[in-house]
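Subject: Structure handover

Hi,

Here is the structure for you to look over. My notes follow below it.

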Amino acid sequence: MNLKKTTECERTKLESFLDKFQLPNVFKKVGLTVLVLSFLLLTAIKFIDNESLWVRPLLKQVMLIGLLVISISKEKIEDELIQTLRSKSYSLAFIIGVIYIMLQPLVNSVVDFILGTNAQPDNLGYVQVLLFMLLIQVGFFEILKRNR
């Protein structure tokens, strides 16, 4: 069997598999609405004294879902350039996310030293890291898209 033919067949299968994970363009607005509403509710809850313990984590999860929906929604014109820009934005988000994870404990220690506090080291939660990475991906994708 021809190696080039096999490679082309596998690439086509992979692309069709990845296309199934993309949502139609209209979901960008849905994701943005979910993100903004959950952020506003999370901000409003800061001013409520006796909130339930489950509300804040739930709203963070909803924000994560909103960002994910925005991230995997197609553009109006989905061509190879858009796919390349999306791929680059995911790569940048991953690299910046790893740097963030590595530097955040150091930054916390320096700030604690400057302020003279002796706080317990904070473990970064998975929601915080995923929110950060998805925000970076969506932001860089929009920047790359506008500067093409």
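Which backbone nitrogen lies 3.0 Å from a polar atom of the side chain of D79? The backbone nitrogen of I82 does. A polar contact here is a pair of N or O atoms within 3.5 Å; within protein, one must be able to donate a hydrogen and the other to accept it, and residues adjacent in sequence count only if both atoms are side-chain atoms. D79 sits in the loop between α3 and α4. Its relative accessibility is 32%, so D79 counts as partly exposed. The classes are buried (under 20% relative accessible area), exposed (over 50%) and partly exposed (in between), with a 1.4 Å probe and protein chains only.

Ground rules first. This is a predicted model, where local features need pLDDT of at least 70, side-chain atom pairs count only at pLDDT 80 or more, and totals for chains, interfaces and linings use all residues. Residues are numbered from 1 along each chain as its sequence is written, and side-chain values use heavy atoms, with hydrogens and water left out.

Confidence: the protein chain averages a pLDDT (the predictor's confidence in each residue, from 0 to 100) of 86. At least 70 is reached by 87% of the residues. Among the elements, helix α1 (residues 3–19) has the lowest mean, 68. The highest, 94, belongs to α2. Helices are DSSP runs (H or I, at least four residues), as are strands (E, at least two), numbered from the N terminus.

Helix α2 covers residues 27–45. Its 19 residues should span 27 Å at 1.5 Å a residue, and the end C-alpha atoms are 27 Å apart, which agrees. The expected span is 1.5 Å times one less than the number of residues. K28, G31, L35, S38, L42 and I45 are buried in α2. They cover an arc of only 130° around the axis, which puts them on the same side of α2. That arc is taken from the directions from the helix axis to the C-beta atoms. On the other side of α2, K29, L37 and L40 are exposed. The buried residues pack against α3 (55–72) and α5 (126–146). Contact means heavy atoms within 4.5 Å.

How many aromatic pairs does the structure hold? One. The rings of Y100 and F132 have centres 4.1 Å apart and planes at 20°, so the pair is stacked. Y100 is in helix α4 (residues 80–115) and F132 in α5, 32 residues apart. Rings of Phe, Tyr and Trp (its six-membered ring) pair if their centres lie within 6.5 Å; planes under 30 degrees apart count as stacked, over 60 as edge-to-face and the rest as tilted. Y100 is buried, at 17% relative accessible area. F132 is partly exposed, at 23%.

R86 is also in helix α4. At 7% relative accessibility, R86 counts as buried. A polar atom of the R86 side chain lies 3.0 Å from the backbone oxygen of S73. Not counting residues up to four places away in sequence, R86 touches Q22, S71, S73, K74, E75, E78, Q137 and F141.

Last, N123 is in the loop between α4 and α5. N123 counts as exposed, at 74% relative accessibility.

Best wishes
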